[in-house]
Amino acid sequence: MQNKIDRLRALRDATAIVGVGASPQGNFPEVDQYTLGLQAFRAALDDCGLCKQDIDGLIVQGPGNISFVRMGEMLGLDPTLGANFSIGGPATGVLIHHAAMLLASGMCNNVALIYGNSSRAEGRKFGGMTVYNPGQEYANAFFYYGLTSPGAASAFQTRMHFDEYGTTSRQLAAVAVAQRKHAMLNPLAIMRQPLGVEEHQQSRYVCEPLHLYDYCLINDGGVALIMTTADRARDLKQKPAYISGIGRQDTYRNSSMPNTTLWRDTMPKAAEMAYGMAGISRDDVDALMIYDSFSINVWISLENFGFCKPGEAGDFTQNGRIELGGELPVNTHGGHLSESYMQGWLHQVEAVRQLRGACGARQVEDARIIQYICRAHVASSIIYRN
Amino acid sequence: MAKVQKPLPIVTPLDEPYWKFTQRHELRLQRCSRCRQFRFPASAVCPECDADAAEWIAVSGNGTLFSWVVFHKCYFPGFAQEIPYNVAMIRLDEGPMFISNVTGVDNAALRKGMRLAVYFEDVSEEFTIPKFRPGQDPGR
Ligand SMILES: [Zn+2]
């Protein structure tokens, strides 16, 4: 690991996100995922001051059929390269890593990452016969037992956490409640009515022990990021959000089964890589953006990245610690649970805007370092600094 | 009205023997001929020792409940009548982790560590699916 970290340090602060954009988030049956992605892309170009012709790397992602070739055709672009990594939401951090590497290697000068999601319009349920996620082989291996959906995999992990550490659904509610408070300060957020612990507890189960409010939303929207090299970034309109550290660690063993290890033996390696490359410690992090398809992700991420010990996240997330104004604000935009389900892409937008000091009522005071964490069999992290 | 069928297994060359045995109401899992580790689901190579050779070994069908979830949302029309239904992870006495449904017990009465035993449900001409219900303590 140390020799990798030594070499990765050459990439520390070498690239940056310079432009961010988002379409409206919600229910848009009249448009498709390309249209939503393109709306976001225009906003991101406008944000940084680059023009379409400057883009020579085109990364395109979404939960449905969305292609970088078709997107390039619509844009009238022949970039040096296009790319996608079709593993669902965990791909988001990975694609930003890859963009940073393309830029640092000299392969590309300006990379656009465009995300388009028409899940609500298309009636996508993230479960049932239509789902096939490579890398989540259990998702179709046991249909005949009625086992399906990423939510079920997280529900198994939730019960394991409850059983092993004596944590409770009531404690887990603190994650959803904190993020709803944040969403109420975010004009882009879909869910802006107050949510309390009792309402969480009384909400219906989707896959028990996970309640409705432990689940992400399913909605339509687009997000875009523009990334470039540090030297180019300094000449653009906005204060750059530098990519200071990246971390990645996969888990393939026993991946046909719902995960039983909570990724304890693998995920910490992604943390070690990211902190080692950035040359910072956890204490330097001003806020966390955690991939929250389900509330339990936040616990697993906090524990496996060392913010608390395994089993302690139940206590750790109580009493406002992860809320704005608390010791370690998490998902200050409201996340997937309350803002919008853009599979981690709006988490990056929020990180960038926090580092610009552009978050208004939900601004983390003097935010200098923001970290993104995605737990999964493909775990990733990004440390951003301004 | 015709009954809406539940999804059937998707058979691959690797696990075809598994389904042949379940049709005969036998639970057999693929085991490495060299290091004797079970491979479930079946695999072309042993992840532990790299050996290719394997045999299909009969297992007892007894195990303990490791974890479970209960589906309250219907993702498959064939399961609509069974909502809420459980899906369980069962640690077989021989070691491998197994996925199945546990029947014959209320979902609310499921407990980690409870003893379970396999039985076989013939769901079509071609397929028999192993399921579990409460079993006896070992040694009784
Ligand atoms: Zn072996």
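Start in chain A with helix 7 and helix 12, whose crossing is left-handed (the near helix is turned anticlockwise from the far one by less than a right angle). This is a predicted model, in which local features need pLDDT of at least 70 and side-chain atom pairs pLDDT 80 or more, while totals for chains, interfaces and linings use all residues. Residues are numbered from 1 along each chain as written, chains are lettered from A, and side-chain values use heavy atoms without hydrogens or water.

Select residues 150–165 of chain A for helix 7 and residues 295–304 for helix 12; helices are DSSP runs of H or I, at least four residues, numbered from the N terminus. Their axes lie 10 Å apart at an angle of about 60°. Axes are lines fitted to C-alpha atoms over the stretch in contact, and angles run from 0 to 180 degrees between N-to-C directions.

Next, show side chains. A:Ser154, A:Gln157, A:Thr158, A:His161 and A:Phe162 of helix 7 meet A:Ile296, A:Asn297, A:Trp299, A:Ile300 and A:Glu303 of helix 12, where contact means heavy atoms within 4.5 Å.

Now move to chain B and colour residues 13–59 as domain 1 and 60–135 as domain 2, bounds that come from an automatic or database domain assignment. Their centres, taken over C-alpha atoms, are 21 Å apart. The contact takes 12 residues from domain 1 of chain B and 16 residues from domain 2 of chain B.

Notes
Helix = DSSP H or I, 4+ residues; strand = E, 2+ residues; numbered from the N terminus.
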